Every structure is written in structure tokens, then in C-alpha cells.
Number of protein chains: 2
Amino acid sequence: MRDVYVVGVGMTPLGRHLDKRLRDLGKVACFSALKDAGLEPKDIQAGFCGNALAPAIQGETGVGQNVFWEVGINKIPILNIENACCSGSSAFREAWLTVASGLYDVAIAVGVEKTYTEKGGMLDIGKPDLDLMLGLVLPAYFAFVANRYIQEFGISKEDLALVAVKNRFHGSLNPYSQFRQPVTVEEVIQSPMISDPITRLSCCPLSDGAAAAILVSKEKAEKLGKKTVKVAASILQSGSYDNPMNLSNWDLNIRASEEAYNRAGIGPEDIDLAEVHDCFTISELVHYESLGFAKKGEGVRLLKDKSTYIGGKVPFNVSGGLLAKGHPVGCTGIAQIVEAVWQLRGEANKRQVENARVAMTHTMGGVKEGDCKAVTINILKRE
Amino acid sequence: MRDVYVVGVGMTPLGRHLDKRLRDLGKVACFSALKDAGLEPKDIQAGFCGNALAPAIQGETGVGQNVFWEVGINKIPILNIENACCSGSSAFREAWLTVASGLYDVAIAVGVEKTYTEKGGMLDIGKPDLDLMLGLVLPAYFAFVANRYIQEFGISKEDLALVAVKNRFHGSLNPYSQFRQPVTVEEVIQSPMISDPITRLSCCPLSDGAAAAILVSKEKAEKLGKKTVKVAASILQSGSYDNPMNLSNWDLNIRASEEAYNRAGIGPEDIDLAEVHDCFTISELVHYESLGFAKKGEGVRLLKDKSTYIGGKVPFNVSGGLLAKGHPVGCTGIAQIVEAVWQLRGEANKRQVENARVAMTHTMGGVKEGDCKAVTINILKRE
């Protein structure tokens with residue numbers, strides 16, 4: 001398999017874009033990525049689109065073709081990929097594989113989503129499974145996880161709130177972020193209760209947005225003078241947990257990150273920054289531990305000693321993460337990659353992580369008790 | 001890139017399966033393919049699912065994870081792919097690439113669809129584009145193509161009906177076929193008019209069903225004693241036509257088939273049988289010509305001299321095709337591959353093409369005037 005480089009990225013600000021169609025958002029991201037790479041639409045040889053909810057919310061299929069048509073990317077293989085919250089990062093991985101395999105030299109991956117409608121947010125998007133009908137919606141499941149974690153490791157609700165406080169602070173530095181107001185521990189705890197201990201400010205928002213990345217072979221990257229950011233690992237995994245009752249032990253994260261570290265030939269100690277799937281505050285704590293950055297039950301320490309703050313040992317979600325930057329479902333995985341690339345190139349302005357050389361992105365999709373539909377991990381290295 | 005072999009296939013009968021869920025249909029196809037390959041669920045290293053309409057019709061996402069869960073295929077990368085009628089064949093192509101690239105040795109591709117609901121067929125599946133609102137539904141578009149073809153080449157409605165007559169005859173030999181009654185030219189012409197000259201019997205039906213294929217590396221195929229059917233080419237293309245006004249010239253077919261022939265190192269004269277996307281009678285005629293089996297305007301000759309009948313020079317849609325076997329949208333591309341594999345292994349019973357050594361499958365998705373969202377072509381060779 002060949003080395004693959006990310007030579008161009010772009011995204012829209014995340015937020016509420018009621019006046020724009022999926023293709024309107026997608027084309028902004030694609031044009032930005034093309035400009036960034038110094039490429040024309042005709043240079044793209046294969047296109048991949050990650051989207052999770054358009055068929056259910058907008059009644060639109062073939063989203064990739066619709067987006068690429070607007071950009072003038074045409075007469076190439078195009079694929080639409082759905083993998084819950086990992087839709088965008090799964091599209092990125094297929095783009096990586098198509099270049100790594102030698103099939104094509106230049107591929108684009110776009111993630112695009114609209115979760116807001118005229119009527120409100122994405123509430124009724126289809127026939128729920130039995131567990132959803134019984135009330136096990138996502139905040140309820142993550143509340144179970146949080147309560148289990150609190151019981152096991154004796155952390156406080158104030159500790160849990162530190163994740164939101166950090167990511168909202170990071171988001172305040174990011175012009176692409178949906179929420180740019182910092183919040184305090186008290187505000188997080190006192191915001192409306194969704195599912196105890198998950199309050200409204202412990203949840204990521206609904207978001208609309210698009211993000212794109214262009215991946216090329218080493219030769220092409222050299223020719224473009226952009227051999228800067230290499231894909232050191234691009235991993236997709238799914239499946240059940242060994243012990244579903246152990247709610248705060250996401251062994252899918254452990255398996256996927258071990259695979260990613262092995263492929264990249266590094267360990268968590270080599271990561272300079274990580275964008276992880278902080279859909280709820282508790283998620284980021286569990287990620288610290290299951291991705292190898294803290295021992296089990298000791299994640300809160302990374303918040304208390306500011307290790308995961310910008311300026312700390314390994315900043316997590318310096319973009320603001322899902323909690324602040326936003327969570328446009330099928331776009332999220334690529335939005336994380338866009339941030340990682342900007343950081344590795346030293347272009348992240350106020351939120352720049354000094355001397356960033358290795359970045360990890362982590363996305364998690366379709367979580368329920370005992371299993372998870374997808375986890376993706378990408379490791380990007382500055383050369 | 002490594003050689004890839006199809007070592008196991010399976011499918012459900014196509015038709016109306018109101019009492020079964022997507023996962024119920026999918027698991028039957030997967031278990032059949034596993035049994036056929038002599039493999040266990042735990043042997044599968046990567047899974048790909050093609051589905052076009054579940055989010056819109058059933059409100060179900062993550063279909064691949066749901067299907068594979070039922071089969072006990074777990075803790076592997078799983079990807080859901082939507083590419084209109086090419087969803088299944090696009091999933092097959094990603095499975096091929098994952099093995100060809102060397103990333104994994106054993107992959108499964110499943111295509112699954114349910115188009116029937118308690119209330120009827122798939123009529124209201126979302127917000128239509130402007131052209132659909134103005135009446136350009138699929139039978140209307142293909143009626144334009146048929147009328148243009150009739151005007152250009154002077155064929156009769158009787159000539160056009162020959163496609164349905166042939167494929168219904170083939171379908172009568174196939175126990176997996178939705179329609180097993182042969183029809184006559186008169187019956188095709190006199191069936192209710194949908195969009196002149198497209199009558200009801202000139203259209204493929206709605207169908208439910210699932211089909212699966214297992215792809216492995218050469219070494220693995222040898223180990224299994226099943227190094228029989230090789231993937232000589234797996235092509236995905238999309239895009240606009242050079243002259244959209246020239247309705248009967250599908251140059252996307254020309255581009256995709258040239259790419260397929262080049263990659264396989266053969267020409268149309270080497271194909272022993274073809275399963276092509278006969279969504280309407282006119283489609284198969286245009287496929288004959290754009291895939292290189294007849295000169296422009298001369299396709300009818302292949303029907304009149306029975307070249308494309310079983311026993312003829314190059315039988316087309318010996319399974320019954322979409323017109324008789326059925327068209328479960330996201331399943332269709334893999335159902336075609338299942339038929340091709342059975343034929344190449346000499347296991348097609350009453351509809352066996354004698355001494356079949358090279359088979360082509362062709363699927364076309366998201367057709368509208370001037371462009372097409374996807375065309376896939378696979379060439380399979382008996383070794």
C-alpha cells in the first residue's frame with residue numbers, strides 16, 4: 001500500500017444553515033479544499049461522500065453526486081457512505097484506500113449534513129428500535145454510562161462538567177465553531193436536565209455543515225509541493241463489547257486505537273493533539289482512558305491539571321469538539337480531520353497547538369448498550 | 001493490486017416479503033454465501049452493505065451492521081453504501097478493493113432492499129426534484145428514450161416488446177425469479193399503458209430481496225479449494241453525457257465498459273453471458289449497443305436472431321433480468337453477480353449457459369436526462 005497525503009482541506013462554519021441545501025454546503029467545503037490543494041475539479045479522480053441522515057430528513061439520496069455536480073467534479077467514480085456519526089470519517093477512509101491501493105492518485109472525501117429543518121431538529125427520523133421506544137434515546141444511554149462511571153470512580157458532577165468547560169473555551173477560539181461563548185462549571189450543572197446527570201450543556205448540539213479533504217499519492221503531493229500531512233493510519237472498526245454490562249469500558253475504542261497505533265508505529269505518548277467524539281461530556285472522559293491517555297478512572301486528572309487544554313501536554317478537542325464546534329453527524333469525522341490538518345500545518349491561529357507533529361481524530365457512531373456501529377481513528381503526521 | 005476471487009454467493013428469492021425485515025432477508029443471503037464458501041461468520045474480515053432506500057422507506061440506517069449482527073459477523077470494519085440502483089454493485093466493488101489492495105483477505109458484500117410496504121410500493125420516498133414534480137418520473141424518462149430510439153432507427157413497438165418476452169422466458173426457468181410466467185409480444189403491448197410506449201410489462205417490478213458474495217485473496221481461494229471465479233474487472237463510473245439531447249446514446253456505458261474491457265484484457269466478443277440493467281425494455285436495447293455488442297440502431301437484431309436468448313451467441317439476462325427476476329434496488333447488482341457466479345460454475349440448472357467462461361454484470365443507477373449517478377460493470381472469469 002502506498003503512502004497517502006492530505007493536500008487540501010476546507011469546511012463551512014458549523015451551525016444552523018436553514019437557507020442552504022446539502023449541495024450548497026458541500027460545494028463550499030469542496031471548493032475550499034480544492035483551492036487549498038491548488039487543484040481544479042477536473043483533477044479529482046474519485047469522490048466519496050459521507051452523510052448519515054439526508055434520506056430520512058431531506059428525502060435526498062445520491063448526495064455525493066449532487067454535491068460534486070455543483071462543484072463540476074464529474075465523470076468519475078462516486079460513492080455515498082452512511083455509517084452513523086462515522087459517515088464522514090468512513091468516506092475519508094475509503095478515499096484513503098482508493099489512493100493507498102494505487103487505484104487512483106487523487107480522491108476527495110466530503111462530509112455533509114443538515115439536521116435542522118423548518119420544523120425544528122432531527123427528532124422523528126424513522127421507526128425506532130424497541131429500546132428507543134422504551135426511552136433509551138442517546139442522552140439516556142450516556143447518562144447510564146456517566147452514572148456508572150460516577151459510581152465506579154467517585155467523580156463529581158463538577159468533574160464531569162469540566163469537559164464542557166474546556167471544549168467551550170476551545171470553541172471560543174474557533175471561528176468555525178457553532179458555540180463561541182465559554183461556560184462555567186455552574187452553568188453546565190444548572191442548565192436544563194436532559195437525563196441525570198446529563199444536562200443540556202453536557203450534550204453536543206445539532207448542527208448543519210460540510211467539510212472536505214483531498215487525498216493524493218506521494219508523487220502527486222510532491223508535484224503539488226504539499227507533501228506535508230501524511231495519513232499514518234486510517235482505521236474503521238465496529239462491533240460488540242466483551243462485557244456490555246461494563247458500561248464505562250468501551251473496548252471497541254481499545255481495539256481500534258491499538259490497530260491505529262500499530263499501523264502508525266507510535267503510541268499515545270506520541271500524539272500532540274486529539275479530536276475525539278465528545279458527543280456528551282462523559283464520552284471524552286472514557287475516550288481518555290480507552291484510547292490510552294489515562295488509566296481507568298483517572299481521566300478527570302487530565303482536565304484538572306489542564307493536560308488536555310490548549311497549552312497542555314496533549315490538547316483534546318482544541319477545535320471545540322462536538323460540544324462547542326458542533327456535530328453535523330455525517331460531516332463530523334471530516335471536520336475533525338480538517339482541524340487536525342490545520343493544526344499540523346500551523347494554521348490554526350488563536351488555537352494553534354505549538355509544534356504539533358502528530359494528530360489523532362476519533363469518531364464513534366451508532367452507540368447503544370453493548371455495541372457500537374462504527375469507530376474510526378485517523379492518525380495524521382506532519383513530515 | 002492482488003487477484004480477487006468470489007468463493008461464495010447466496011440470495012433470497014426476489015418478490016414481495018412483507019413479513020420479513022431487511023435483516024431477515026440479508027441474513028439468509030449471507031448464511032447461504034458463507035455455506036457456499038465453506039466459511040464461518042468469524043472468518044469474515046470486512047463487511048459492505050448496499051442499500052438504496054431503507055432510510056427513506058423503513059426509517060432504518062446502519063443496515064449493514066443490523067444484517068451482519070444477525071449473522072454473527074462482528075468486530076470488523078462495516079460500511080453502508082448507497083448509490084441508487086448501483087448500491088449493491090458499489091458495495092461489491094469496495095469489497096473487491098479491500099481485498100485487492102491487500103488490506104484484508106476475506107470480505108463480504110451484501111445487497112438488501114425492501115420496496116414494498118403495508119401501504120403499497122415505494123411511491124412517496126421523499127422530496128422530489130423539480131423535474132420529478134413536473135412529471136419526469138422514471139418510466140416517463142425511459143419513454144422519451146424509447147420514442148427517440150423508435151424515431152431514429154425505425155423499430156416497432158413489437159420489436160421493443162421482444163426484450164420483455166425474452167427476459168420473462170428466461171425468468172420462467174429461474175426459481176429465484178419474481179415473475180415466472182412467460183409473456184407474448186401482444187401481452188406486453190396490450191398491458192396497461194404507463195408512459196407511451198412503456199407499458200406495464202415493459203417495466204421491471206418493485207421487489208424485496210437480498211444477495212451476498214464473499215470475496216477473497218488468491219491464497220485464501222486456493223486454501224478453500226475454490227479458486228474458480230476471478231474478478232477480472234470491477235468498475236464504478238458516474239457523470240454527464242457528452243450530448244444530453246442524444247437520448248439513446250448512453251456514453252457513460254461506453255466509458256465504463258471500455259474501462260472494464262481494458263482492465264480485464266478482453267472485448268465484448270469474449271463475453272459468454274451478460275446480466276444487464278433492463279429496468280425498462282428500451283434499456284436492454286441501448287445496453288447492447290453502448291456496451292459493444294451491436295452497432296448503433298441494430299440491437300433488435302440480437303433479439304430477432306435469438307443471439308441474446310439462452311442457447312444464443314451471448315445470452316443476456318438469462319436470470320430473467322430486472323424485468324422478470326425483479327429489481328430490489330440496492331440488492332440488484334449483487335443478485336446479478338450471484339447469477340454470473342452460478343453460471344460460471346455450471347450450477348444454473350435449467351437456465352445454464354453452456355461452457356460459460358466469462359460473464360459481465362452491468363448496473364445503472366440514478367438515471368436522468370443528461371447524466372447518471374452510477375454505472376457499475378463487473379467482469380468475472382472462470383479459471
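Trainee: How many bridges pair E1(A) with strand E8 (residues 229–240) of chain A, and in which sense?

Mentor: Two strands pair if DSSP finds at least two bridges between them. Strands (E, at least two residues) and helices (H or I, at least four) are DSSP runs, numbered from the N terminus. Here E1(A) and E8(A) pair in the antiparallel sense over two bridges, and Tyr5(A) stands opposite Lys230(A). This is a predicted model, in which local features need pLDDT of at least 70, side-chain atom pairs count only at pLDDT 80 or more, and totals for chains, interfaces and linings use all residues. Residues are numbered from 1 along each chain as its sequence is written, with chains lettered from A and ligands numbered from 1 in the order in which they are written.

Trainee: Which strand does E1(A) join over seven bridges?

Mentor: Strand E7 (residues 209–217) of chain A, running antiparallel to E1(A); there Tyr5(A) stands opposite Val216(A).

Trainee: At what angle do the axes of H4(B) and H14(B) cross?

Mentor: Two packed helices are described by the angle between their axes and the distance between the axes. Axes are lines fitted to C-alpha atoms, for helices over the stretch in contact, and angles run from 0 to 180 degrees between N-to-C directions. Helix H4 (residues 87–100) and helix H14 (residues 332–344) of chain B cross at roughly 65 degrees, with axes that come within 5 Å. They are therefore roughly perpendicular (65 to 115 degrees; under 35 is roughly parallel, over 145 roughly antiparallel, the rest oblique).

Trainee: Which residue of E3(B) is the bridge partner of Ile81(A)?

Mentor: Ile81(B); three bridges join the antiparallel strands E3(A) and E3(B).
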